Amino acid sequence: MAIPTERASAIPLIDRFQVVGFRASGEAILRTLPCSCSIFFSVRKLEYPIELLSQHMVLGINQEGVHFFCPRPKKYILSVKLEDIKKFGFKHTALGFQMQISGGLHNFKFVTKQAKEICEALQMCIQECQRNTNQLLRETDDKQKQEELERLQKDIMEIMSDSDRIKLLCEEKDAALKASLLDKEILKLNMAMLSNLSLENKKNMAGTVNELKDLYEESNAVLKLQVSCLEKKLAVSESRLASRNADCSTMRNKLKELEELREMKEDIHRKNEKVAIMLEMKQTEFAELEALYKNEQVLRERYSNTIEEMKAQRQG
């Protein structure tokens, strides 16, 4: 008999049973047993420890194990799982098994012209079971890797969301800075208008100068408060950005452990470069704000000196 293949294993089970001498009366036995996709062989006993076995028997082999049948009268005897078959082999027409039954090891010996085919069929079933087990392990490992990938993708989305919030905060600071500069321009216009009025109304110079000084001091206090608020917001933004950079560094270390995620690591690296460029731009803007603040200090001293000179001229 040839070695069983996938095409051979697809032959209907009842047809195989009839090949070795069983008829319709054995169909009920087969339908209630784990013998699907089995291949059957006729053997003759030589040595066995179980009295239930008859002189002539039929062995059924599939991925469930080895199944023993009595052809006359037609009846099922027992089944042995593949993992309980410790040893098996053949020599010429002699066939031997060492199997664990009811907690003990037993040796079975049979005589058949198909000893080689039986061993090859049994070896093929064992290898197929091993392949199925390995496939199940690989699928489990792939599922765990997929879960880890999804978790990393979720963390990356959170980092991107935090980066968007930082960008929005920077835009708010830019708007506040522009508003502050606009207030400063308005103050300059007010100073110019007051200066013109002081030249036209020398009699009211003292009152005008006092009002101008009060307005200047009030505007200066407002500007200082706005600058202080902007500095605090910038410090908070820098702290959050540093925290997010630390999170990104931790995430990169985790991504190094997964070779399958190299492309994702490069994408995160590009995003980090964008965040670094954004931070550099904001540092440049802060430097510009600081320069404007220093210019405002110079203007403040200049206006104060002008007021003092005007007071001196009036007293003179």
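By class, Ala, Val, Leu, Ile, Met, Phe, Trp, Tyr, Cys and Pro count as nonpolar, Asp, Glu, Lys and Arg as charged, and the others, Gly among them, as polar. I begin with that convention, colleagues, and shall return to it with the cavities.

The structure before you is a predicted model, in which local features need pLDDT of at least 70 and side-chain atom pairs count only at pLDDT 80 or more, while totals for chains, interfaces and linings use all residues. Residues are numbered from 1 along each chain as its sequence is written, and side-chain values use heavy atoms, with hydrogens and water left out.

Let me start with the overall architecture. The protein contains 6 helices and 7 strands; here helices (H or I, at least four residues) and strands (E, at least two) are DSSP runs, numbered from the N terminus. Read from the N terminus, the order of elements is α-α-α-β-β-β-β-β-β-β-α-α-α. Of the 316 residues, 31% are buried, where buried means under 20% relative accessible area, exposed over 50%, and partly exposed in between, with a 1.4 Å probe and protein chains only. The accessible surface amounts to about 20900 Å², and 53% of it belongs to carbon and sulfur atoms; these areas come from the Shrake-Rupley method with a 1.4 Å probe, and for residues only the protein chains shown count as cover. Among contacts (heavy atoms within 4.5 Å) between residues at least 6 apart in sequence, 56% join residues at least 24 apart.

I turn now to the interior. A nonpolar core is a set of buried Ala, Val, Leu, Ile, Met, Phe, Trp, Tyr and Cys residues joined through side-chain atoms within 4.5 Å. The largest such core has 27 residues, and those with the most contacts inside it are Leu59, Ile61, Phe68, Ile85, Phe97, Ile118 and Leu122. At least two residues each are supplied by strand 1 (39–47), strand 2 (56–62), strand 3 (65–70), strand 4 (75–81), strand 6 (94–101), strand 7 (104–111) and helix 4 (115–200). Helix 4 provides the largest share of this core, 7 residues. A second, separate core of 6 residues includes Leu149, Met251, Met264 and Ile268.

Leaving aside neighbours within four places in sequence, Leu122 is in contact with Ile61, Val66, Leu82, Ile85, Phe88 and Phe97. Ile85 belongs to strand 5 and counts as buried because its relative accessibility is 8%. Not counting residues up to four places away in sequence, Ile85 touches Val66, Val80, Phe97, Gln98, Met99 and Leu122. The C-alpha atoms of Ile85 and Met99 are separated by 4.5 Å, although these residues are 14 apart along the chain.

What, then, of the loops between strands? His92, in the loop between strand 5 (85–91) and strand 6, has a positive phi of about 60 degrees although it is not a glycine. His92 counts as exposed, at 68% relative accessibility. Ser102, in the loop between strand 6 and strand 7, likewise is not a glycine and has a positive phi, of about 55 degrees. Ser102 is exposed, with a relative accessibility of 78%.

On a 1 Å grid over the protein atoms alone, a cavity is a set of points where a 1.4 Å probe fits but cannot get out, and a pocket is an open set with protein on both sides within 12 Å along at least five of seven lines; lining residues have an atom within 4 Å of a point. Grid points are joined across faces, edges and corners, and a volume is the space filled by probe spheres set on the points.

How many cavities of 30 Å³ or more are there? The count comes to 4. The largest cavity has a volume of about 130 Å³, and Lys173, Asp174, Leu177, Leu230, Leu234, Lys282, Glu285, Phe286 and Leu289 line it. Helix 6 gives the most to that lining, with 4 residues. By class, the lining has 5 nonpolar, no polar and 4 charged residues.

The second largest cavity, of about 110 Å³, has among its lining residues Leu177, Ser180, Lys184, Tyr293 and Glu296. Here the lining has 7 nonpolar, 1 polar and 2 charged residues.
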